[in-house]
There are 2 protein chains.
Amino acid sequence: MNNFVYHNPTELIFGKGQISVLADKVQKLGKSILLVYGGGSIKRTGLYDKVIAILQEQGCTVNEVAGVEPNPRLSTVQKGIDLCKQNKIDWILAVGGGSVIDAAKAMATGAVYEGNVWDFYSRKAVPKGALPLGTILTLAATGSEMNRGSVITNWETQEKHGGTGTFPTFSILDPEHTFSVPKDQTIYGICDIMSHVFEQYFSHTENIPLQTRFAESILLTVIENAQKAIDNPNDYDARANLLYCGTMALNGTLPVGVVTDWATHSIEHAVSAIYDIPHGGGLAIIFPQWMRYVYKENVERFKRFAIHVWNVDPAGKSDDEIALAGIEATEAFFKKIGAPTRLADYQITDEKIDEMAKKATPFGPIGNFKKLHAEDVAQILRMSL
Amino acid sequence: MNNFVYHNPTELIFGKGQISVLADKVQKLGKSILLVYGGGSIKRTGLYDKVIAILQEQGCTVNEVAGVEPNPRLSTVQKGIDLCKQNKIDWILAVGGGSVIDAAKAMATGAVYEGNVWDFYSRKAVPKGALPLGTILTLAATGSEMNRGSVITNWETQEKHGGTGTFPTFSILDPEHTFSVPKDQTIYGICDIMSHVFEQYFSHTENIPLQTRFAESILLTVIENAQKAIDNPNDYDARANLLYCGTMALNGTLPVGVVTDWATHSIEHAVSAIYDIPHGGGLAIIFPQWMRYVYKENVERFKRFAIHVWNVDPAGKSDDEIALAGIEATEAFFKKIGAPTRLADYQITDEKIDEMAKKATPFGPIGNFKKLHAEDVAQILRMSL
């Protein structure tokens, strides 16, 4: 186990009807609010009206940024920052999935920064402060509700980068808010959660038994609840478990003392920066191919994965066969729940592979399980066609 | 899964040599420090000198409370509070195990309270504030380094109660600081950690798959590292795993959305309030008997425990036999690592059983897995003789 520092100040408020705490939060954080949301699904489900009713009852002044994109854009973030600066916003309330929260984080840091907020994504600067941020999560997926990461796309330069945002002050997670998530988004969310665990599970760090078991616990729980939530969108228990797994998968618990990977996320970001495909769909395609490309770096880890997560029977199999059986089980699971498994599913050909490979490695080789250069990335993308 | 709120602002600083962050903490928190420690083992190991050297180099003024007892006493806490009030202490630094940290929490809350700090333990009041508290942990056991619980003994009234303290601002966990922990204390710590998990694992709450797996993950990791740390006190990896398990067992992760029990802790507190026995030793004795007394309330849960934690083969066994095999495995494990298994090991007879049973239930019946009245507690204590 390596040395580590863990610090996560986000207050997680989980369960049915928890939105009622919003009134108390207004009393604590202030009445001038920037409300940030996406394409309008929260209006269809009635969540928008509920939020507005509580804010109005508390006498709040509400500015809005609507229409945050699935891959949130710098231009949208800039709108929010301008509103914050012009209207003396006390705090930001993000209502939506990871994209909305990521955009709101960028607004929160950008609002108290004199330079261009893109500096935090192009690694030119690190935020020194932020407006308080509350979130009401509507999708089990990114974990953004309880970490300080944020991914923003600069559409002008076709760059998509993860940067340091800010921890939400509080996040409200009501499984019922995820009942209306459409089937495809539910599936992408499941792929996203599992991919986050993979990025932190596949590691050469030795002596991390609790971290390893925690990661396997999340994978097993997602696997056991995925189909239930897909088949019955209003299954409270399945939705609750996925929601909680999504948060625990990326709130800093799994990587303590562990050298993590994250190459596959960089590859997917490069793909979706060019093709604007769903993040979770891209991950479901690329991850099994990444696994095939790298597993020989640590066959033991992939054996453990196969046996503990996919219940592969090791009897009579070679180490490689066990490891590969786990990878096949991963791919088969993604396929079974209806996730895409090939770039061709998104009409992506080999045309821009070199461009994507280059874009995935802007600061040099990526990943730690196996250091991947542009040519490695190109190879994995070719395997994913 | 029930609704829950999770919020844990403690910064966990883990690993070899992390004590060096202390200088930075002084810069942030201030130079007038109350240093709190126990019976002097930190002087023998040299940790005291290291801490003082850093504080001196930073130009700190240091007041001290030494000699905090294994079951920390209200009178000792009061000394610390008086020092805080008289010397304008900026923050408290606790160096030691759970007892020292628990006492320091009571000092931190008492220092900014006009009434008697015992109010926070006799349930007359809840702390509204506290001095900042840093901790340097020297024992894997109580989890106090990352929660706001605190257990204090009022020796005059022979009462031992858990109360609300304050979250440490930061906690430094260096496995090397636990190398010098004597064998018996190492064993008690292991029993304590496992007992904390038991209190949160044995629950009737349905649909808590991730919480269940996390709890089992901690138990498995403790079981796998216990003997290593006992046999080789300088085994960094074993010590590191126990230390991290101790923190995760009681930092609020396991009980989210779960109705937990805690009856056995109340029983043990009543025993050690009268006989002043080691907390971990008392738990090792009482827990298996509590299990035997209550398991029929939810045989399924005890079956799962037996199979997933103790690898009990269910083939050919009745439900009760599987459940009991898990309980026997628990008792056998405690015995194997050298923990006491009978109250007689501490020369405790049936003389004061009714007194202890009454003391364990001062506010009415205890526990949730099975509500225990004084007569139930007396029965469990008799089974533990």
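Me: What is the order of the strands in the open sheet of 12 strands?

Reply: This is a predicted model, in which local features need pLDDT of at least 70, side-chain atom pairs count only at pLDDT 80 or more, and totals for chains, interfaces and linings use all residues. Residues are numbered from 1 along each chain as its sequence is written, and chains are lettered from A and ligands numbered from 1 in the order in which they are written. Strands (E, at least two residues) and helices (H or I, at least four) are DSSP runs numbered from the N terminus, and two strands pair if DSSP finds at least two bridges between them. With mixed pairing, the order is S3(A)-S2(A)-S4(A)-S5(A)-S8(A)-S1(A)-S1(B)-S8(B)-S5(B)-S4(B)-S2(B)-S3(B).

Me: Which strands are the edge strands of this sheet?

Reply: Neighbouring strands of the sheet are turned by 25° against each other on average, direction ignored. An edge strand here pairs on one side only. That description applies to strand S3 (61-65) of chain A and strand S3 (61-65) of chain B.

Me: How many bridges join strand S1 of chain A to S1(B)?

Reply: The two strands run antiparallel. Phe4(A) stands opposite Phe14(B), and Tyr6(A) faces Leu12(B). Strand S1 of chain A, residues 4-14, is joined to S1(B) by seven bridges.

Me: In S8(A), which residue is the bridge partner of Glu11(A)?

Reply: S1(A) pairs with strand S8 (residues 170-173) of chain A in the parallel sense, over four bridges. Within S8(A), the partner of Glu11(A) is Phe170(A).

Me: Which elements of chain B each supply at least two residues of the side that touches chain A?

Reply: The contact (C-beta atoms, placed from the backbone, within 7 Å) takes 32 residues from chain B and 33 residues from chain A. Because 100% of the interface residues of chain B are also interface residues in chain A, the copies meet through the same surface. The elements are strand S1 (4-14), helix H7 (209-231) and helix H8 (236-249) of chain B.

Me: Is Ala226(B) buried or exposed?

Reply: Ala226(B) lies in helix H7 of chain B and, leaving aside neighbours within four places in sequence, is in contact with Ile190(B) and Ile337(B). A residue is buried if 20 or more other C-beta atoms, placed from the backbone, lie within 10 Å of its own, exposed if 12 or fewer, and partly exposed in between. With 27 such neighbours inside 10 Å, Ala226(B) counts as buried.

Me: At what angle do helix H10 and helix H12 of chain B pack?

Reply: The axes of helix H10 (residues 279-294) and helix H12 (residues 319-336) of chain B are 9 Å apart. Axes are lines fitted to C-alpha atoms, for helices over the stretch in contact, and angles run from 0 to 180 degrees between N-to-C directions. The pair packs at an angle of about 170°.

Technical notes. Two residues are in contact if their C-beta atoms, placed from the backbone, lie within 7 Å.
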